[in-house]
Amino acid sequence: MYRERPEVLFAHQDGEATSVLETSGTAVVVKVLTRWTDLIEAMVTVASSAREQLVVTGSRSREKAYLAAIETAVAQHPDLVHYRVLYGPPRHRTLADHLMRLLELRDPSARRNGVKTLHIGMVEPAAALERFFVASETQAVVPLPSFHGAEGFDCGALLSREAAVGLVHHGREACASARPVETIEAVRALPVRHN
């Protein structure tokens, strides 16, 4: 029917099928980021260059330049679909304020060209492992534990389009199963751990 052998058509059922991402291995790592400034610069670049989709996960963001880059992308590109996935309430007031600004920039209930362009959700239960990444349709950054000491996440990996597409898909699924936090009142009701 599809002019392919059954072994090819049904390989995914046998665990033999591999995706482009699986076969590329470490080639999807564009650069290992070993300094805080490089990590933030790469995250800002991913947010600033997003035109179709921007997925951001985590509840610890507080770097003002990075959050401002997200807000600017949302404000300047009305067709950009933005997903923010929280793992628990915001850890810092800066992130809660950022969520409020996103809601001021866009109405999550609005549909542009029939598409919802702002999604904010909180993954539950609270025991779910937090994930940290920012991904667009062209690249992604995954922060990593520090290579320099026990505290912080000041290093990371800049990933290529193949990995970014996978992370966008991951974030969209996580947001779809999360509890929506898409009103000013819902954000105000979130407990913030640190001011």
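**Helices and sheet**

Reply: Let's start with helix 6, where Ala163, Ala164, Leu167, Val168, Gly171, Ala174 and Cys175 are the buried residues. Keep in mind that this is a predicted model.

Me: Where do the buried residues of helix 6 fall, seen down its axis?
Reply: They sit within an arc of 140°, so they line one face of the helix. As background, an α-helix has 3.6 residues a turn, so residues three or four places apart point the same way.

Me: And how far apart are the end C-alpha atoms of helix 6?
Reply: They are 22 Å apart. That agrees with what 16 residues should span at 1.5 Å a residue, which is 22 Å for residues 161-176.

Me: Which residues of helix 5 are buried?
Reply: Leu95, Ala96, His98, Leu99, Met100, Leu102 and Leu103. Their cover includes helix 4, strand 3, strand 6 and helix 7 (184-188).

Me: Strand 3 keeps coming up. How many of its residues are buried?
Reply: Seven of its seven, across residues 81-87.

Me: In what sense does strand 3 pair with strand 6?
Reply: Strand 3 and strand 6 (residues 118-123) pair in the parallel sense, over six bridges. Tyr83 stands opposite His119 there.

Me: What about strand 2 and strand 3, parallel or antiparallel?
Reply: Parallel, with five bridges between strand 3 and strand 2 (residues 53-57). Gln53 is the residue opposite Val81.

Me: Which helix does the chain go through from strand 2 to strand 3?
Reply: Helix 4, residues 64-76, and this β-α-β crossover is right-handed.

Me: Last one: in what sense do strand 2 and strand 7 pair?
Reply: Antiparallel, over four bridges, with strand 7 covering residues 133-136. Val56 has Val134 in strand 7 as its bridge partner.

How values were computed:
Residues are numbered from 1 along each chain as its sequence is written. This is a predicted model: local features need pLDDT of at least 70, side-chain atom pairs count only at pLDDT 80 or more; totals for chains, interfaces and linings use all residues. Side-chain values use heavy atoms; hydrogens and water are left out. Buried means under 20% relative accessible area, exposed over 50%, partly exposed in between (1.4 Å probe, protein chains only). Helices (H or I, at least four residues) and strands (E, at least two) are DSSP runs, numbered from the N terminus. Two strands pair if DSSP finds at least two bridges between them. A crossover is right-handed if, with the strands pointing away from the viewer, the path from the first strand over the helix to the second runs clockwise. The expected span of a helix is 1.5 Å times one less than its number of residues. The arc is that of the directions from the helix axis to the C-beta atoms. Contact means heavy atoms within 4.5 Å.
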